[in-house]
Amino acid sequence: MVLSLDSDEGLTDATYEDLENHISREILEKLRSLMQQQPPQQISWPVQIFNNGQFIRLTDKALVIHEDKVYKISFTPNSPDPNWEGYLTYNEISRLLTCLHSLAKPPTRYATVTEGIAYQQLYPTRQHCPTYASGKYQEEASKPSMVCGIILPIRFLEVDHQRPKSSGKNEAIMKVLRVLGLTLGRPHGAKCMQLHDCVAQALRLPEGKGIQISTFLKRYLWKENVRDAGEPLPGVIVPFVPVLAKDERPSPLWGSTTQDRYTLSVKGEIFYSVVRALAPPGYPLEAVAVHSLANLRPACGPCNKLRGKTSLKFP
Ligand SMILES: [Zn+2]
């Protein structure tokens with residue numbers, strides 16, 4: 001398949017449809033064939049790895065390990081630190097891909113993003129009365145701009161890319177990989193902490209039976225009507241708790257350092273390398289990250305337009 005790329009947005013609607021059906025499958029098929037070669041292979045993957053928000057170094061060779069009938073992929077399987085989890089299994093990679101792609105929406109479908117259940121619960125709509133010069137007084141469905149906090153009828157709100165499309169692609173990738181639990185530091189923003197917990201629950205679903213991970217995420221992230229969301233699953237925390245706008249949000253009292261949040265863990269390095277090395281040519285991970293729920297929020301027009309490099313952690 002040839003990806004149809006748009007220079008600005010990266011992916012068209014059609015190619016987004018293919019993320020799970022085609023791109024995940026292609027990555028996994030290549031990975032499986034690497035893992036099934038005998039003897040186990042050492043693979044050279046020259047992938048630049050994020051550390052402290054920047055590309056710092058190239059990864060070394062990866063190893064395929066076959067242990068207890070489980071195929072694992074590792075960078076340093078003989079690490080002296082016994083607590084150092086230096087590998088990912090085939091199933092973990094498969095599940096992480098589903099999570100990565102389930103969080104993304106095509107750029108031309110922001111209406112779908114804003115109607116999605118997670119977006120509605122994180123940024124709930126309330127009835128408010130704007131004041132008109134004519135003295136008209138009428139309740140309208142409204143939300144706050146998450147940057148300045150002003151409450152506006154939703155027709156005045158835009159979908160803001162928290163890390164901007166132009167200059168924030170790498171930070172957006174780190175933001176999404178953090179939600180997937182693949183950075184040294186956990187998220188500490190109110191939205192991404194909740195998305196992180198949701199993804200963590202999806203990743204813990206028992207394999208091979210019961211609800212599929214993609215069904216789980218579609219239900220809890222995107223199902224448009226709460227009443228149709230089905231019965232809550234055992235142990236599942238829904239709904240999401242609304243996020244406070246920036247002007248009323250206390251600064252986090254605890255949490256990870258910026259450096260740790262923008263540095264990949266060992267599992268993160270392996271997942272990032274697998275995606276970069278095995279995805280079909282032209283697969284824009286940047287677009288998948290920039291247009292991820294983890295990177296989208298409502299903002300008023302002026303806030304959306306004025307933010308640029310000021311919203312970057314590593315400008
Ligand atoms: Zn604003």
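Predicted model: local features only at pLDDT ≥ 70, side-chain atom pairs only at ≥ 80, totals over all residues.
**Legends to the close-up views**

**Figure 1. Overview of the protein chain.** Residues are numbered from 1 along each chain as its sequence is written. Of the 315 residues in the protein chain, 35% are buried (20 or more other C-beta atoms within 10 Å of the residue's own, with C-beta atoms placed from the backbone).

Figure 2. Strand 2 (residues 48-51) runs antiparallel to strand 3 and is joined to it by four bridges; pairing requires at least two DSSP bridges between two strands. Asn 51 faces Gln 54 of strand 3. Two residues separate the strands of this hairpin, and Asn 52 in the turn has a positive phi of about 55°. Strand 3 (residues 54-58) lies largely in the open, because the number buried among its five residues is zero.

**Figure 3. The buried side of helix 6.** Helix 6 (residues 190-204) has 15 residues and reaches 22 Å from its first C-alpha to its last, close to the expected 21 Å (1.5 Å times one less than the number of residues). Its buried residues are Lys 191, Cys 192, Gln 194, Leu 195, Cys 198, Val 199 and Ala 202. They cover an arc of only 160° around the axis (taken from the directions from the helix axis to the C-beta atoms), which puts them on the same side of helix 6.

Key
Buried ≥ 20, exposed ≤ 12 C-beta atoms within 10 Å, placed from the backbone.
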